[in-house]
Amino acid sequence: MSVEKDNKKRLFIGLITGTCLLLCAFLGLLWYVPYAGLDSFGAWATWSWGLFIFALIVLVGWAYAGLLINVILGKTHPFFQKARGLSIKLFLPLMTILGRVFGLSKRKIRGSFIKVNNELVLSEVGRFDPEKIMILTPHCLQASRCDMRLTYDIDNCKRCGLCTIKGLLELRDKYGVHFHVATGGTIARRLVVQNRPRMIIAIACERDLASGIQDTYPLPVYGVLNERPHGPCLDTQVSLIDVENALRRFLKEDKLPADADKNVGLTPLTGL
């Protein structure tokens with residue numbers, strides 16, 4: 001598992017290095033082309049344009065250095081506190097394009113982005129009261145044979161144990177956080193607006209997690225990848241232990257329940 005995580009980190013560093021080099025080369029070209037034709041305006045115009053382009057290159061280099069330091073050291077330097085935002089807004093789209101050029105799948109690129117995003121969130125974000133944390137999941141976690149509607153009221157769940165919704169409800173009850181199921185991005189955004197959390201623990205596939213992290217920035221989102229033993233969007237599952245560990249990390253220590261050290265995920269599921 002640690003080898004896989006290291007591979008994801010190396011992939012992220014490789015892509016972001018290539019992206020920065022390409023971006024700097026492009027900016028250098030923007031400087032060179034007008035350079036040849038700016039002489040007619042006088043030397044000041046050429047140097048002013050050159051200084052402007054140089055400042056942009058420095059900005060990109062600063063952003064790259066900040067991300068690299070955060071990824072390698074696992075903590076945020078005060079000088080680079082905007083690194084996560086730059087990663088989400090600037091580098092991810094360019095990394096996706098670059099990765100596709102080299103034949104990397106979007107899933108692989110998004111997975112590496114989510115891995116690094118989680119590390120940045122862990123290094124930047126503090127702890128919150130339970131009512132400020134929301135667990136957000138896709139509806140495909142619900143058993144496909146279940147006819148209960150959970151989108152508008154998660155407590156419609158009968159807790160039969162045929163899917164991991166039961167365990168997630170137990171986590172909600174144990175830690176006092178919000179828990180909602182969304183059928184799509186629009187409903188997910190509406191739930192965020194209605195509940196106004198300060199921290200989201202999102203469960204989804206690589207595509208939906210990457211999209212959700214971008215949509216909700218600067219709100220911190222810690223992503224937990226779902227498992228898809230039956231293929232995409234059908235009877236997906238999630239590690240309850242991973243979700244519970246995230247809750248323990250982001251909840252204020254004095255708000256943790258007395259039995260916080262006992263994993264809900266280890267409770268045998270009924271109905272299986």
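**Figure 1. Overall layout of the chain.** Eight helices and four strands make up the secondary structure of the chain. The model shown here is predicted. Read from the N terminus, the elements follow the order α-α-α-α-β-α-β-α-β-α-β-α. The chain has 272 residues, and 42% of them count as buried. Among contacts between residues at least 6 apart in sequence, 67% join residues at least 24 apart.

Figure 2. Strand E1 spans residues 133-138. Six of its six residues are buried, and E1 is mostly covered. Ile 133, Ile 135 and Thr 137 point one way from the strand. Met 134, Leu 136 and Pro 138 point the other way. In a regular strand, side chains alternate between the two faces of the sheet.

**Figure 3. Strand pairing around E1.** E1 and E2 run parallel and are joined by five bridges. The chain passes from E1 through H5 to E2, a β-α-β crossover that is right-handed. Met 134 has His 178 of E2 as its bridge partner. Further along, Thr 137 is partnered by Val 181, also in E2. E1 also pairs with E3, again in the parallel sense, over four bridges. Here Ile 133 stands opposite Met 199 of E3.

**Figure 4. The largest nonpolar core.** This core holds 33 residues. Ile 133, Ile 165, Leu 168, Leu 247 and Phe 250 touch the most other members. Two or more residues come from each of E1, H5, E2 (178-182), E3 (199-204), E4 and H8. What does Ile 133 contact, leaving aside its neighbours within four places in sequence? Its partners are Phe 128, Val 177, His 178, Met 199, Ile 201, Leu 247, Phe 250 and Leu 251.

Figure 5. Helix H5 covers residues 165-175. Nine of its eleven residues are buried, so H5 is largely enclosed by the rest of the structure. The buried residues are Ile 165, Lys 166, Gly 167, Leu 168, Leu 169, Leu 171, Arg 172, Lys 174 and Tyr 175. They pack against E1, E2, E3 and H8. Two of these buried residues, Ile 165 and Leu 168, are also among the core members that touch the most others. Gly 176 follows the helix, with a positive phi near 75°.

**Figure 6. The second largest pocket.** The volume of this pocket is about 620 Å³. Its lining comprises 33 residues. Pro 138, Ile 203, Ala 204, Asp 208 and Leu 209 lie nearest the centre of the pocket. Helix H4 (106-124), E1, helix H6 (185-195), E3 and H7 each give two or more residues to the lining. Which element gives the most? H7 does, with nine residues.

Figure 7. Tyr 217 and Pro 218 are joined by a cis peptide bond. Its omega is about 15°. Pro 218 sits in the loop between helix H7 (206-216) and strand E4 (221-225).

Figure 8. Arg 159 has a positive phi of about 55°. It is found in the loop between strand E1 and helix H5. Is Arg 159 buried, partly exposed or exposed? Its relative accessible area is 30%, so it is partly exposed. Asp 235 has a positive phi of about 50°. This residue lies in the loop between E4 and helix H8 (240-250). Asp 235 counts as partly exposed because its relative accessibility is 22%, and buried means under 20%.

**Figure 9. Ala 25 in helix H1.** Ala 25 has its place in helix H1, which covers residues 2-37. Its relative accessibility is 48%, so Ala 25 counts as partly exposed; the cut-off for exposed is over 50%. Ile 57 is 32 residues away from Ala 25 along the chain. The C-alpha atoms of the two residues are separated by 9.1 Å.

Technical notes: Residues are numbered from 1 along each chain as its sequence is written. This is a predicted model: local features need pLDDT of at least 70, side-chain atom pairs count only at pLDDT 80 or more; totals for chains, interfaces and linings use all residues. Side-chain values use heavy atoms; hydrogens and water are left out. Buried means under 20% relative accessible area, exposed over 50%, partly exposed in between (1.4 Å probe, protein chains only). A nonpolar core is a set of buried Ala, Val, Leu, Ile, Met, Phe, Trp, Tyr and Cys residues joined through side-chain atoms within 4.5 Å. Contact means heavy atoms within 4.5 Å. Two strands pair if DSSP finds at least two bridges between them. A crossover is right-handed if, with the strands pointing away from the viewer, the path from the first strand over the helix to the second runs clockwise. On a 1 Å grid over the protein atoms alone, a cavity is a set of points where a 1.4 Å probe fits but cannot get out, and a pocket is an open set with protein on both sides within 12 Å along at least five of seven lines; lining residues have an atom within 4 Å of a point. Grid points are joined across faces, edges and corners, and a volume is the space filled by probe spheres set on the points.
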